[in-house]
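Look over the chain shown below.

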Amino acid sequence: MLRIAFLEGSPSLRARHVLPILTKQFKITYITSGDDIPQGTYEDVIRFPKAKVDMQHAWAYSRLADRLYQEGKIDFVYTYHAIGCFIRKAPQIALFGASFLESWKLSFHWTPWYKRPKLAIGYLHYVVPEIMTCRQAKRILAISEALQLQFIELHRLPKNKVGIVHNGVTQEAFNNFAGEAIGKSTDLLYVGRLHPRKGILPIVEEFSRRRHMQNKFYLAGDGPLSNEIKRIAEKDKRIVLLGHLK
């Protein structure tokens, strides 16, 4: 039976869904700094105190993962984003939901030249760990085809190193867009974080400008753009902000 170190800073929604199943099939050592441990029958649970700086977490987690591997207690490590960037001994599979490097490049492009030196801190704390992880990990997993292509291009990775695990979207969901299954509704639906990286604000703004359209635009999700989109929705009743939904 495979022995896996499942490593993340705090319990994620993904972990809560998959760990109850994975712990029945594999020996899982769960490593976290969170208090609320997802359900499951674990081989071991190791908690770290929360650190103020992500690099402190990454260093502590990585050293522990390498030690467990050298002691023969695990076969490989699963990490989320770049939290295991200092791992050097243990084979690592790293899942990414987005690219810090891409976000940093966008910020650099839109930031006035006199403010760009401040971006160096973000580059050090977020981009460098991503680069280190992509170079060291045996396998990179992306949550979409688009993100897979981003990582291949940004980090110059061979295509066979970057796999895809759709973020909770099964093949049945994709089948809904085939044939007549999509139906005849002309209303619009967005499901996801209301975050600048998603590009949702320009879409809402353009929709609001087109007053001749009778469609409704439903948005399910929450995030830093919530208040801005809410202000637009207050003036345009076609836009329905549903907020966070289970």
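His 81 sits in the loop between β4 and β5 (92-96). Strands here are DSSP runs of E with at least two residues, helices are runs of H or I with at least four, and both are numbered from the N terminus. The model is predicted: local features need pLDDT of at least 70, side-chain atom pairs count only at pLDDT 80 or more, and totals for chains, interfaces and linings use all residues. Residues are numbered from 1 along each chain as its sequence is written, and side-chain values use heavy atoms, with hydrogens and water left out.

The phi of His 81 is near 55°, a positive value in a residue other than glycine. Is His 81 buried or exposed? His 81 counts as buried because its relative accessibility is 15%. The cut-offs are under 20% relative accessible area for buried, over 50% for exposed, and partly exposed in between, with a 1.4 Å probe and protein chains only.

Arg 156 also has a positive phi, near 55°, and is likewise not a glycine. Its loop runs between α5 (145-154) and β7 (162-164). Arg 156 counts as exposed, because its relative accessibility is 76%.

## The chain as a whole

The chain has 8 helices and 10 strands. Its C-alpha trace spans about 65 × 50 × 35 Å along the principal axes. Of the 246 residues, 39% count as buried. The accessible surface comes to about 15,400 Å², and 56% of that belongs to carbon and sulfur atoms. These areas come from the Shrake-Rupley method with a 1.4 Å probe; for residues, only the protein chains shown count as cover.

Contacts are heavy atoms within 4.5 Å. Among contacts with a separation of 6 or more, 51% join residues 24 or more positions apart.

## Helix α2

Helix α2 covers residues 54-70, 17 residues in total. From first C-alpha to last, α2 reaches 24 Å, close to the 24 Å expected at 1.5 Å a residue. The expected span is 1.5 Å times one less than the number of residues.

Which residues of α2 are buried? They are Met 55, His 57, Ala 58, Tyr 61, Ser 62, Leu 64, Ala 65, Asp 66 and Leu 68. These buried residues pack against β1 (3-7), β2 (27-32), β3 (44-47), β4 (76-80) and α4. Just after α2, Gly 72 takes a positive phi of about 75°.

Ile 46 lies in strand β3. Not counting residues up to four places away in sequence, Ile 46 touches Thr 29, Tyr 30, Ile 31, Thr 32, Leu 64 and Leu 68.

## The second largest pocket

The second largest pocket has a volume of about 160 Å³. A pocket is an open set of points on a 1 Å grid over the protein atoms alone, where a 1.4 Å probe fits, with protein on both sides within 12 Å along at least five of seven lines. Grid points are joined across faces, edges and corners, and the volume is the space filled by probe spheres set on the points.

The lining residues, which have an atom within 4 Å of a point, include Leu 101, Trp 104, Tyr 123, Cys 134 and Arg 156. Elements giving two or more residues to the lining are α3 (100-110) and α4 (119-136). Helix α4 gives the most, with 4 residues. By class, the lining has 7 nonpolar, 1 polar and 3 charged residues. Nonpolar means Ala, Val, Leu, Ile, Met, Phe, Trp, Tyr, Cys and Pro; charged means Asp, Glu, Lys and Arg; the others, Gly among them, are polar.

Val 128 lies in α4. Its C-alpha is 8.4 Å from that of Leu 101, 27 residues apart along the chain.

## Single residues compared

| Residue | Relative accessibility | Class |
|---|---|---|
| Gln 148 | 10% | buried |
| Leu 219 | 0% | buried |
| Val 128 | 23% | partly exposed |

Gln 148 lies in helix α5. Beyond residues up to four places away in sequence, Gln 148 touches Ala 142, Lys 159, Val 162 and Ile 164.

Leu 219 lies in strand β9 (residues 217-220). With residues up to four places away in sequence not counted, its contacts include Tyr 190, Leu 194, Ile 200, Val 204 and Ile 239. The C-alpha atoms of Leu 219 and Glu 172 are separated by 22 Å, at 47 residues apart along the chain.
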